[in-house]
Amino acid sequence: MRPRVEELTDHQRRMLRFLETYMNRHGRAPSIREIRDAMQMKSEDHVHRDVKRLEELGFLRITPRIARGIELLYCWDGAQYGTGVLVIPHYGEIAAGLPLPKPDDSAVDTLTLTRDLVGDTRDVYAMKVRGFSMIDALINDGDTVILRHVDTAENGDLVAVWIETDKGGETTLKRFFHEGDRIRLQPENATMQPIYCDPAQVRVQGKVIAVIRQV
């Protein structure tokens with residue numbers, strides 16, 4: 001029998017969303033301390049209490065005396081975990097024109113999508129595109145790109161990259177090419193010029209694996 005979603009408090013919904021996002025990204029459950037920190041709770045005893053209540057409601061199963069012994073059974077919306085849907089972190093906007101400041105390490109929101117869109121669910125996140133530099137790749141202003149966190153890229157990959165600058169750094173979405181002693185970040189817009197960088201200035205942050213178009 002599916003658990004009753006209407007019995008969840010807002011706090012319990014947020015905890016379930018965190019558990020799903022964490023497990024999708026890391027392939028394992030978070031520790032009690034990680035839950036406490038992510039949920040900004042006062043103590044690990046409070047975490048144990050709330051996790052136990054979610055088990056009583058039927059949303060998860062706890063294996064006693066096992067580190068990270070939390071098994072998620074149902075998501076915050078009542079969907080059975082691991083079947084059909086996936087909740088991933090959403091890190092705000094990324095430039096597809098002028099670079100934007102790098103997002104911080106905390107997701108500003110989450111995005112729910114079907115699992116068949118991404119295949120392997122590990123280290124997947126989303127960002128909204130701002131700008132028109134990738135329109136020839138059918139990525140327009142307002143679209144959402146789904147990325148997998150990687151730190152290397154092959155020539156021709158469509159990637160999010162961090163560029164070191166005198167002002168600290170910027171992030172942008174471009175086609176990646178390593179050309180000897182320089183990196184070429186190529187827009188997919190015939191009216192725009194590529195960005196050339198020293199390889200030491202560039203850090204790959206993610207590879208685009210899907211696009212959700214705004215209609």
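This is a short chat about side-chain contacts in a predicted model.

Visitor: What are the ground rules here?
Guide: The model is predicted, so local features need pLDDT of at least 70 and side-chain atom pairs pLDDT 80 or more, while totals for chains, interfaces and linings use all residues. Numbering runs from 1 along each chain as its sequence is written, and side-chain values use heavy atoms, with hydrogens and water left out.

Visitor: How many aromatic pairs does a search of the whole structure find?
Guide: Two. Rings of Phe, Tyr and Trp (its six-membered ring) pair if their centres lie within 6.5 Å; planes under 30 degrees apart are stacked, over 60 edge-to-face, the rest tilted. F18 and Y22 make a tilted pair, 5.8 Å centre to centre with 55° between the planes.

Visitor: Where do F18 and Y22 sit?
Guide: In helix α1 (residues 10-26), four residues apart, so about one helical turn separates them. Helices here are DSSP runs (H or I, at least four residues), as are strands (E, at least two), numbered from the N terminus.

Visitor: And how are the rings of Y91 and Y125 placed?
Guide: Their centres are 5.5 Å apart and their planes at 80°, so that pair is edge-to-face. Y91 is in strand β3 (residues 85-95) and Y125 in strand β5, so the pair ties together parts 34 residues apart in sequence.

Visitor: Are Y91 and Y125 buried or exposed?
Guide: Both are buried. Buried means under 20% relative accessible area, exposed over 50%, partly exposed in between (1.4 Å probe, protein chains only).

Visitor: New topic. Which ring does the charged end of R184 sit over?
Guide: The ring of F177, 4.2 Å from its centre. R17 lies over the face of W76, 4.5 Å from the ring centre. The rule: NZ of Lys or CZ of Arg within 6 Å of the ring centre and within 35 degrees of the ring normal.

Visitor: How many disulfides?
Guide: Zero in the whole structure, counting cysteine sulfur atoms within 2.5 Å as a pair. C75 is buried at 0% relative accessible area. C197 is buried too, at 7%.

Visitor: How many salt bridges?
Guide: The count is 16, each a side-chain nitrogen of Lys or Arg within 4 Å of a carboxyl oxygen of Asp or Glu. Among them, R53 meets E56 at 3.3 Å, N to O. Both lie in helix α3 (residues 44-56), three residues apart. R53 is partly exposed at 37%, whereas E56 is exposed at 52%.

Visitor: Which residues are linked in a network?
Guide: R33, R36, D37 and E44, through salt bridges. R36 and D37 meet at 3.0 Å, N to O.
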